[in-house]
Amino acid sequence: MGEGILVIGAGELGLAMLDALSKHPLRKDTKINVLLRQATIDSSASEKKAMIEDIKSLGAGLEAGDIATASVQKLASIFSTYNTVVVCSGMALPSGTQVKLCQAALEAQVPRYFPWQFGMDYDIIGQGSSQDLFDEQLEVRKLLRGQQAVDWTIVSTGLFMSFLFLSAFGVVDLDKKVVRALGSWDNRITLTTPVDIGRVTADVILNPRDIGHQVVYVSGDTVSYSEVADLVDSHFKTNFTRELWGLDVLKKQMEEDPNTMVKYRDTFAQGKGVAWSMEQTVNHQRGIQTTSVKAYMKQVYGQKEVL
């Protein structure tokens, strides 16, 4: 049996996960490594070198591997030396990569596996949604549920909170001073910062209690689009224009240009599997404080007004 924890990826979520694991009071002498491409480890680019130094400063080591190109067998040979594998890399990877990672974890019989599912409740959204990326997530769940040898935990987190303020997503457009509702002003959405996702997941990893072979939930905040508009108006001390992108509007957007952002919008507009109450979250049950939308805006945007 392997030992220690392997974190796959060192993007925003990977670094947050690594930081939370390394500083957790129950870490003790648990080995933590990060899987990165050899080219990243060897890079002379200042940004990459700084990232490697940050990783090492947290007492973590490096493991070389390319999840996009490596075979199931190659990944399994890497995974087999660890007790826990946490996938924190999911954006912009080739289709099928998450299924391959899951197959590798099962072949290696990793004692505990945390797949890249830090998002929606895909079971409720179901197969064949507008966002076809979600179908692969359902395939991963099917593989995990079809076996007992590998313990697994799926951490549903809702949308990364920063995504809400991404103008390309379309909900809060600070430049245009517009807040838009997807589907309905009453539709709700769960939002969590990567830092909070890292903190709560690290606690589940190092202090599992009775969590295993299941989906758990995390939330920084769960709000309606109407509440988002009120919070934005209040923070920036100005009235943003409010626009409703109903299902008919989003259907037209899908027909004209079904890009990734439009697919996300249409999925959220359906109002299924994208929000849950704070009471059912691990952070609430364990008394872990998380960042609300109001607190996030104060952290990121201070008290400045929109120009």
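This is a predicted model: local features need pLDDT of at least 70, side-chain atom pairs count only at pLDDT 80 or more; totals for chains, interfaces and linings use all residues.
Reader: How much helix and how much strand is there over residues 152-172?

Author: Over residues 152-172 the chain is 0% helix and 38% strand, and the C-alpha atoms at the ends are 35 Å apart. Residues are numbered from 1 along each chain as its sequence is written, and side-chain values use heavy atoms, leaving out hydrogens and water.

Reader: Which feature does UniProt place at residues 152-172?

Author: The unreviewed UniProt entry places a "transmembrane region" there. Such annotations may be inferred rather than shown by experiment; feature names are shortened and positions follow the numbering used here.

Reader: What makes β9 and β13 a pair?

Author: Two strands pair if DSSP finds at least two bridges between them. β9 (residues 178-182) and β13 share five bridges, in the parallel sense, so they qualify. Arg180 stands opposite Glu243 in β13. Helix α9 (residues 225-236) packs on this sheet, touching β8, β9 and β13 (contact means heavy atoms within 4.5 Å). The direction of α9 makes about 170 degrees with that of β9; axes are lines fitted to C-alpha atoms, for helices over the stretch in contact, and angles run from 0 to 180 degrees between N-to-C directions.

Reader: And how do you know that β5 and β6 pair?

Author: The same rule asks for at least two bridges, and two bridges join β5 (residues 112-114) to β6 (residues 151-156), which run parallel. Arg112 stands opposite Asp151 in β6.

Reader: Why do β3 and β11 count as edges of their sheet?

Author: The open sheet has seven strands in the order β3-β2-β1-β4-β5-β6-β11, with parallel pairing. β3 (61-64) and β11 (214-217) each have a single partner strand, so one side of each is left without a neighbour in the sheet. Helix α7 (residues 133-145) lies across β5, β6 and β11, at about 150 degrees to β6.

Reader: Why is the Trp116 and Phe118 pair called edge-to-face?

Author: Rings of Phe, Tyr and Trp (its six-membered ring) pair if their centres lie within 6.5 Å; planes under 30 degrees apart count as stacked, over 60 as edge-to-face and the rest as tilted. Trp116 and Phe118 lie 6.2 Å centre to centre, with 70 degrees between the planes, so the name follows.

Conventions:
Helices (H or I, at least four residues) and strands (E, at least two) are DSSP runs, numbered from the N terminus.
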